[in-house]
Each structure stands twice: as C-alpha cells, then as structure tokens.
Amino acid sequence: MAKTIEPHYDNLIIGFGKGGKTLAAWLAKKGEQVSLVEKSDKMYGGACINVACIPTKALIKKAEEKMPYQKAYGLKNELTSFLRELNYDNVEKLPAATVITGEASFVTANEVLVKIIGKDKGEKRITANRIFINTGSQPFVPPIPGIDTAKNVYTSISLLEQSTLPEKLVIIGGGFIGLEFADMYAKFGAEVTVLDSADEFLPQEDEDVADEVYKVLTSRKINIVTAATVQKVENTEGDKVKVEYKDKTGETVSLQASALLIATGRKPMTEGLNLEAAGIRTDKKGYIEVDESLKTNVHNIWALGDINGGPQFTYISLDDFRIVRDQLSDADYTTVEQRKQVASSVFITPPLAHIGLREREAVEKGYEIKVAKLPATSVVRARIDCNTSGLLKTVVDKKTNKILGCILFCTGANEMINTIQVAINCGLDYQEVRDTIYTHPSMTEAFNDLYAQI
Ligand SMILES: Cc1cc2nc3c(=O)[nH]c(=O)nc-3n(C[C@H](O)[C@H](O)[C@H](O)COP(=O)(O)OP(=O)(O)OC[C@H]3O[C@@H](n4cnc5c(N)ncnc54)[C@H](O)[C@@H]3O)c2cc1C
Ligand SMILES: NC(=O)c1ccc[n+]([C@@H]2O[C@H](COP(=O)([O-])OP(=O)(O)OC[C@H]3O[C@@H](n4cnc5c(N)ncnc54)[C@H](O)[C@@H]3O)[C@@H](O)[C@H]2O)c1
C-alpha cells in the first residue's frame with residue numbers, strides 16, 4: 001500500500017529517471033526523508049525501462065532470433081511490466097522513501113504542487129529542503145506540413161506500442177533511434193527506408209566506417225537516403241502515409257508507407273514543470289541550465305539526466321547521480337569536469353560502438369597518429385557467432401602511445417568498447433591492451449591483433 005503523502009520532505013525528486021531513482025534509494029538508505037514524484041504509473045523506472053533502452057534492445061534481440069514480431073512484442077511488454085514493478089518496489093519499499101504518482105509543477109523554489117493521479121486523485125502541495133529535477137526528454141517532431149495531423153505517424157514511443165508489424169516503414173532521421181529501429185524492423189520483415197537531412201550517411205564517422213555500416217544495412221534491403229529534405233506528410237487511401245521529400249538533386253520524390261517514424265532528436269521535458277515560478281533558468285534549447293556540479297541557478301535545486309542538456313544516455317544520468325551523491329556526502333567526484341571518457345553504442349547488428357577520437361578528428365586536432373584496422377572476418381569468434389560483418393579501428397597517439405579513440409563495428413562491440421574505455425581512462429599505453437591475455441575464443445582477443453598492427 002502506498003505511503004501517506006507528507007507536506008514536507010528533506011528531499012523531493014521530480015521524475016523517476018535513472019539518476020532520480022538511484023538518488024532516491026541512496027538518500028532513503030541513509031535515513032533522509034525523500035519523495036519521488038512520477039507523473040505516469042506506466043513510467044516507474046523512467047524512459048529507459050519503459051519506452052527506450054530496454055524495450056528496444058529486447059525487440060532487437062528477438063528480431064535477431066527471427067522471432068515473429070507479435071510474439072516479440074508480447075515478451076517485450078512482459079519484461080517492461082516486470083521491471084516497472086521492480087523499480088517501483090526498489091524505492092517504495094524503503095521506509096524513508098515515498099513514491100508519489102502525479103505531475104509536479106513548481107509553486108516556489110521550495111514548494112511543488114503535485115496533481116495526483118489514481119485513486120487518491122487531487123492536488124498536494126509539498127515543500128522540500130532540496131529538489132532534484134530528473135524529468136528527461138521527449139521526441140522532437142520537426143515542423144513538417146501534415147506531420148501533426150496525418151494518421152500512422154509515430155514517435156519511438158508510440159511505434160513501440162503497436163502490436164502489428166508495419167509492412168512498409170519510412171523513418172525520418174538516421175541517428176541512434178533511426179538506425180536501431182530501421183535495422184530491427186527490417187529484421188522482423190518490414191520494408192524500411194531511412195530519410196536523413198545530412199549530406200552524408202553517419203557524417204560524424206570516418207568514411208571507411210560509415211561505408212561499412214552502409215554496406216551492411218543496405219544488404220538487409222534498408223533503403224538509406226541522405227540529403228533528403230522532407231516537405232510534406234499526408235494520408236492516402238487506406239490511411240497509408242505519403243511522404244514527400246526533395247532529394248540531393250532537388251527532385252521531388254514521394255514514398256508510400258504503412259507507418260512513418262519520426263526520429264529526429266529529442267527535446268527537454270519541461271512542460272508543466274512551471275520552472276519560472278522557481279526562477280530556474282533554461283538554455284536556448286529549453287534544457288535546464290546547470291553548473292559543473294549540476295546545480296541550477298537556484299541554490300537548492302539540481303538537474304540530472306537528459307533534462308540538463310548533457311549527453312542523452314542512461315549511464316550519464318546514473319553518473320549525474322554520482323556527482324550529486326558525492327556533493328551531499330563530502331566525497332571527491334563532484335563535478336562534470338571530472339568525468340572521464342564515455343563510450344556509446346548504436347545497437348544495430350553488429351553493434352557500432354565508439355569512444356574517443358576518430359581518425360579524422362585526431363588529425364584535425366593536430367595529433368600525430370598511428371591507425372590500425374582489422375576486418376571482423378579475421379576474428380575467429382566472429383566466425384563462431386556467424387557474424388563476420390564489420391571492422392575494428394583504433395587511433396593511437398604516436399608520441400605518447402596512448403589510445404586516442406576506437407570504433408568497433410562487429411559482433412560484441414557494445415561489450416568490447418568498455419575494455420578500451422578502461423584502458424583510456426586508466427591512461428594505459430596501447431601495448432598493455434595489445435599484450436593482455438584474453439579468454440579464448442572471444443571477440444576481445446581481437447585487440448591482440450588490432451594493436452599488434454600499431
Ligand atoms: C528509443 C530510445 C532508445 C534508447 N536507447 C538507449 C540505450 O540503449 N542506452 C542508453 O544509455 N540510452 C538510451 N536511450 C537514452 C535514454 O533512454 C535516456 O538518456 C535516459 O532514459 C534519460 O534518463 P533520465 O534520467 O534523464 O530520465 P527519464 O528516464 O527520461 O525519466 C524522466 C521521468 O520523469 C517523468 N516526468 C516528466 N515530467 C514530470 C513531471 N512534471 N512530474 C513528474 N514526473 C515527470 C517522466 O514520466 C519520466 O518517467 C534511448 C532513448 C530512446 C528514446
Ligand atoms: N543506443 C543508445 O545508446 C541510444 C539509442 C537511442 C537513442 N539514444 C539517445 O537518444 C538520442 C536521440 O536519438 P535520435 O536518433 O532521435 O537523435 P540523433 O541526434 O541521434 O539523430 C537524429 C537524426 O535525425 C536527422 N534529422 C534531424 N532533423 C531531420 C529532418 N527534418 N529530416 C531528416 N532528418 C533529420 C539528423 O541528421 C540525425 O541524423 C540520441 O542522441 C542518444 O543520445 C541512445
């Protein structure tokens with residue numbers, strides 16, 4: 001049974017994201033009174049558990065196993081329901097913590113009004129000594145004529161709620177979400193086209209890497225169009241979606257699809273928060289401004305996770321928690337400046353994982369570099385795993401022998417990149433990674449051969 005809501009807490013956390021829920025549990029275990037306000041009973045545990053990392057990766061895994069979409073959809077929902085309940089209990093079961101389900105908006109810098117949902121429906125005013133905002137982000141939908149009114153137009157959230165597989169899917173945006181969804185839906189059997197406004201495919205990557213990813217995705221019959229300017233979205237017969245775009249030659253092209261996914265970035269979730277009432281400043285894009293210790297311009301209010309405009313990953317929200325935790329416990333890790341290199345991974349098949357500088361970026365920064373590359377075909381584990389697509393690439397500083405960056409496009413890349421992250425962050429020379437004895441047969445042992453080329 002939910003606890004009684006008190007008028008005052010030591011700590012109030014708005015949003016059940018990774019940083020917020022971890023902070024709530026940590027504070028409560030220390031014996032501080034904490035309330036965690038979450039506006040939706042479908043979002044305990046935050047976006048990651050319910051509508052982002054976990055459901056997408058669960059579906060990707062099932063698509064790789066060639067499971068029919070509907071069955072995979074059901075299993076995905078079972079997993080998210082299980083995790084949602086577990087996340088709720090992990091906080092609510094702590095005697096000093098109270099989960100409140102309702103939308104929070106500021107009244108003053110110390111007071112919040114919560115519109116409670118569910119059986120205790122009503123409004124509660126809660127004051128707190130410290131307030132932590134962890135409200136995340138939401139899909140950004142570009143102002144394309146027809147996009148708001150046409151049927152069968154989805155964001156990542158609403159597409160994940162569809163129990164049937166779209167036969168033909170057009171995706172606007174070829175970034176993290178666009179590529180993960182494109183690859184996953186193609187593997188489930190949909191016909192997929194990705195339209196991106198950038199002139200090049202994966203413009204941030206070195207050309208050899210981008211070419212390799214392009215080759216793999218297009219071999220799965222994913223149609224990738226760059227330099228596409230989407231001009232209009234409308235419905236045709238049978239509620240099909242017609243997407244009209246100008247291609248790089250300026251010619252107008254139109255596509256028909258059963259579904260259109262908008263994957264063109266995210267925007268801050270500040271709606272309803274009434275930040276002005278607390279005097280909290282936001283930046284030009286609407287994200288909450290924070291200093292290096294994640295404090296807003298108001299002395300008792302912090303912002304963690306996507307909402308503070310930092311990199312949008314669950315593990316960054318978790319690291320934001322560490323920064324706040326150490327401030328509250330007089331420990332050492334108290335600023336974003338102390339954060340070391342962070343890796344990322346796009347979960348296509350095989351995954352594309354990255355840390356540090358690419359070859360082009362290292363050259364632009366004036367480093368003298370050595371570069372090594374290895375095709376995934378030369379790694380025996382990749383053959384065992386029946387996935388020999390891709391390549392491994394690394395950039396090393398010629399003067400210091402330190403690893404400047406690494407990009408792995410191969411099976412297991414999302415795990416392997418963490419080894420390189422540790423090596424970089426511990427300041428290891430590349431020879432340490434080259435000469436480490438790895439388990440066999442593993443993908444990680446490819447580092448013996450990759451770094452032997454330097
Ligand atoms: C499709 C997709 C896939 C992704 N995959 C990955 C991945 O594989 N790995 C990875 O690291 N990152 C991934 N991300 C990014 C990751 O999901 C986010 O960076 C992360 O969830 C942000 O967490 P957060 O702590 O900022 O808050 P969130 O998890 O966004 O939680 C914010 C919570 O606040 C609640 N809330 C908002 N406003 C209010 C209010 N006024 N009152 C009360 N509650 C409120 C919301 O309902 C929500 O539950 C993915 C994102 C998407 C969209
Ligand atoms: N595996 C992961 O860790 C993971 C997975 C999904 C999302 N995320 C996080 O969520 C964030 C949001 O993902 P995303 O894919 O929405 O954003 P993104 O920034 O990764 O990609 C957006 C893409 O949309 C394109 N675009 C923008 N406007 C366009 C337009 N009008 N027409 C055509 N193309 C357009 C951009 O060129 C870009 O390629 C990511 O940056 C990442 O931080 C992480």
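Mentor: Happy to. One term to begin with: helices (H or I, at least four residues) and strands (E, at least two) are DSSP runs, numbered from the N terminus. This is a predicted model, where local features need pLDDT of at least 70, side-chain atom pairs count only at pLDDT 80 or more, and totals for chains, interfaces and linings use all residues. Residues are numbered from 1 along each chain as its sequence is written, chains are lettered from A and ligands numbered from 1 in the order in which they are written, and side-chain values use heavy atoms, with hydrogens and water left out.

Trainee: Thanks! Where is N152, and what is its phi?

Mentor: N152 sits in the loop between strand 6 (137-139) and strand 7 (153-154). Its phi is positive, about 65°, although N152 is not a glycine.

Trainee: Which peptide bonds are cis?

Mentor: The bond from T349 to P350 is cis, with omega near -5°, and the bond from H440 to P441 is cis, also with omega near -5°. P350 belongs to the loop between strand 17 (344-346) and strand 18. P441 is in the loop between helix 13 (430-435) and helix 14 (446-452).

Trainee: Okay, zooming out, what domains is the protein divided into?

Mentor: There are domain 1 (8-139 + 267-338), domain 2 (153-264) and domain 3 (344-452). Those bounds come from an automatic or database domain assignment. The C-alpha centres of domain 1 and domain 3 lie 34 Å apart.

Trainee: Now the ligands. Which residues come nearest to ligand 1?

Mentor: E38, A47, K57, D306 and S317 come nearest, out of 37 residues around ligand 1. A residue counts as near if one of its heavy atoms lies within 4 Å of the molecule or strand in question.

Trainee: And what polar contacts does ligand 1 have?

Mentor: A polar contact is a pair of N or O atoms within 3.5 Å; within protein, one must be able to donate a hydrogen and the other to accept it, and residues adjacent in sequence count only if both atoms are side-chain atoms. Among them, an N or O atom in the side chain of K57 is 2.8 Å from an oxygen atom of ligand 1. N134 brings a polar side-chain atom to 2.9 Å from an oxygen atom of ligand 1, and F313 has a backbone N or O atom 3.1 Å from an oxygen atom of ligand 1.

Trainee: How much of ligand 1 does the protein cover?

Mentor: The protein covers 93% of the 1,000 Å² of accessible area that ligand 1 has on its own. Such areas come from the Shrake-Rupley method with a 1.4 Å probe; for residues, only the protein chains shown count as cover.

Trainee: What classes of residue make up the shell around ligand 1?

Mentor: That shell has 16 nonpolar, 14 polar and 7 charged residues. Here Ala, Val, Leu, Ile, Met, Phe, Trp, Tyr, Cys and Pro count as nonpolar, Asp, Glu, Lys and Arg as charged, and the others, Gly among them, as polar. Domain 1 and domain 2 each give at least three residues to the shell around ligand 1.

Trainee: What about ligand 2, which residues are nearest there?

Mentor: I177, E180, D196, Q312 and S345 come nearest, out of 21 residues around ligand 2. The side chain of D196 has an N or O atom 2.6 Å from an oxygen atom of ligand 2, while a backbone N or O atom of S345 is 2.8 Å from a nitrogen atom of ligand 2. Taken alone, ligand 2 exposes 840 Å², and the protein buries 74% of that.

Trainee: Which helix gives the most to the shell around ligand 2?

Mentor: Helix 6 does, with 4 residues. By class, the shell around ligand 2 has 8 nonpolar, 9 polar and 4 charged residues.

Trainee: And where does ligand 2 lie relative to domain 1 and domain 2?

Mentor: Ligand 2 lies between them, because domain 1 and domain 2 both give residues to its shell.
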